[in-house]
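Hello,

Here is the structure I promised to pass on to you. Please open it first, and then read my notes below alongside it.

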Amino acid sequence: MLDLLNQIEQSALADLASVGDPDALEKWRISYLGGSGKVKTAWAGFKDVPKDQKAAVGARFKTLNAALDQALAAKKTQVESAAPKTTGPVIDMTEPALIRSWAVGRRHIISRVRDELVDVFARMGFDVADGPEIEDDEHNFIKLNIPADHPARDPADNFYIDDPRTTPKPRMLRSQTSTVQIRVMEKAVAGGWGKNPASDQPIKVVSPGRVYRPDTVDATHSFMFHQIEGLYIDRGVTMADLKTTLLSFARAYFGPDAEVRLRPSFFPFTEPSAEFDMKIRLRPDQPVRWMELGGCGMVDPAVFEACGIDPETWTGFAFGFGIERLAMGKYGIPDIRMLFENDLRFLQQL
Ligand code: DAH
């Protein structure tokens with residue numbers, strides 16, 4: 001019997017050495033320590049052991065059980081740490097904590113530049129006005145003195161919602177924020193503004209927003225972009241006020257080196273009209289350079305009349321420029337598409 005128990009121990013330990021996963025271990029346990037395993041089977045023969053050997057054999061059973069239990073427990077720890085549990089992630093509680101800050105999102109560069117612009121103009125006394133992106137041709141064209149045969153109204157150059165050839169007052173996605181000038185003036189007049197020049201307060205608004213044009217997309221064109229429009233109406237407003245306003249803006253936004261240049265131009269809603277450039281220094285180590293920004297001029301009397309404002313009493317200036325163009329110039333962004341692709345590798349640099 002003692003020989004048999006020695007054999008069982010030897011073969012058990014030898015078998016156990018080749019066990020590598022929890023399933024094999026369970027099979028091993030059943031075959032040696034299970035209810036009908038080798039140890040139990042051997043135990044069935046204990047009753048036939050001669051009386052004088054019973055104490056020694058009994059003790060041997062004890063040491064055999066203990067040895068196999070101990071070997072089983074050790075193997076169990078080993079296979080469990082080697083084979084990850086399929087029910088969940090293995091968590092190593094001794095691993096040092098990962099000190100990782102959460103990636104906090106931030107607002108898009110166009111939103112930030114828009115708000116910076118609004119802030120600067122607000123400090124100069126401009127309110128913010130809003131207008132719809134779905135407009136009609138009355139606000140996008142007619143009241144802005146853009147006549148029916150003007151090339152800017154070409155269906156191929158605008159996103160019309162209604163067919164402009166068959167629909168009166170066709171709706172469209174606005175192609176410029178100048179529409180908001182008309183909305184602001186109409187609303188003021190509807191509220192009784194303009195009849196008492198001695199007490200009516202000047203109108204002074206900026207209005208940032210999206211505009212839409214079916215341009216072919218390339219590095220400098222997009223079918224949607226942002227403009228900011230300015231409108232100032234008061235008595236005795238001159239071109240000098242316009243230039244002073246643009247210059248104050250340029251210095252407030254770009255720093256004391258900034259300069260403004262007006263170049264004669266034409267827009268149907270201003271007379272005279274100009275395009276304006278700003279001479280800016282983007283970084284202390286860079287030379288100043290001129291950046292073409294947008295259009296401006298003195299509000300055309302025809303526009304005042306279309307909105308029910310007396311052009312003999314009231315004068316005003318207006319301006320409008322592209323926010324993408326300004327942001328691209330300020331941050332050295334070479335391609336307008338980068339602003340709309342939402343590639344985090346780009347956005348996180350700004
Ligand atoms: N709306 C013009 C454009 O989109 C820009 C512009 C020019 C706005 C002259 C104005 C202005 O207010 O006076 O090209």
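Let me begin in the loop between helix H6 (137–140) and strand S3 (171–173), where you will find Asn145. This is a predicted model, so please read the notes with that in mind. Asn145 is not a glycine, yet its phi is positive, at about 70°. Is this residue buried or exposed, or something in between? With a relative accessibility of 29%, Asn145 counts as partly exposed, because that class lies between under 20% for buried and over 50% for exposed.

The loop between H6 and S3 also holds Lys169. Here too phi is positive in a residue other than glycine, with a value near 50°. Lys169 has a relative accessible area of 47% and is partly exposed.

The peptide bond that joins Glu271 and Pro272 is cis, with omega at about -5°. You can find Pro272 in strand S7, which spans residues 270–280.

Now to the ligand, which sits in the largest pocket. Helix H7 (178–190) and the strands S5 (224–234), S8 (289–299) and S9 (315–322) are the elements that each give two or more residues to the shell around it. How many residues surround the ligand? There are 15, and the closest are Gln176, Ser178, Arg213, Gln227 and Glu229. By type, the residues of this shell divide into eight polar, five nonpolar and two charged.

- Arg213 has a side-chain N or O atom 2.8 Å from a ligand oxygen.
- Gln181 has a polar side-chain atom 3.1 Å from a ligand oxygen.
- Ala318 has a polar backbone atom 3.3 Å from a ligand oxygen.

On its own, the ligand has 360 Å² of accessible area, and the protein covers 90% of that.

Why does Gln181 count as buried? Its relative accessible area is 3%, and buried means under 20%.

Best wishes

Definitions and conventions
Residues are numbered from 1 along each chain as its sequence is written. This is a predicted model: local features need pLDDT of at least 70, side-chain atom pairs count only at pLDDT 80 or more; totals for chains, interfaces and linings use all residues. Side-chain values use heavy atoms; hydrogens and water are left out. A residue is near a molecule or strand if one of its heavy atoms lies within 4 Å of it. A polar contact is a pair of N or O atoms within 3.5 Å; within protein, one must be able to donate a hydrogen and the other to accept it, and residues adjacent in sequence count only if both atoms are side-chain atoms. Accessible areas come from the Shrake-Rupley method with a 1.4 Å probe; for residues, only the protein chains shown count as cover. On a 1 Å grid over the protein atoms alone, a cavity is a set of points where a 1.4 Å probe fits but cannot get out, and a pocket is an open set with protein on both sides within 12 Å along at least five of seven lines; lining residues have an atom within 4 Å of a point. A molecule sits in a cavity or pocket if more than half of its atoms lie within 2 Å of its grid points. Helices (H or I, at least four residues) and strands (E, at least two) are DSSP runs, numbered from the N terminus. Ala, Val, Leu, Ile, Met, Phe, Trp, Tyr, Cys and Pro count as nonpolar, Asp, Glu, Lys and Arg as charged, and the others, Gly among them, as polar. Buried means under 20% relative accessible area, exposed over 50%, partly exposed in between (1.4 Å probe, protein chains only).
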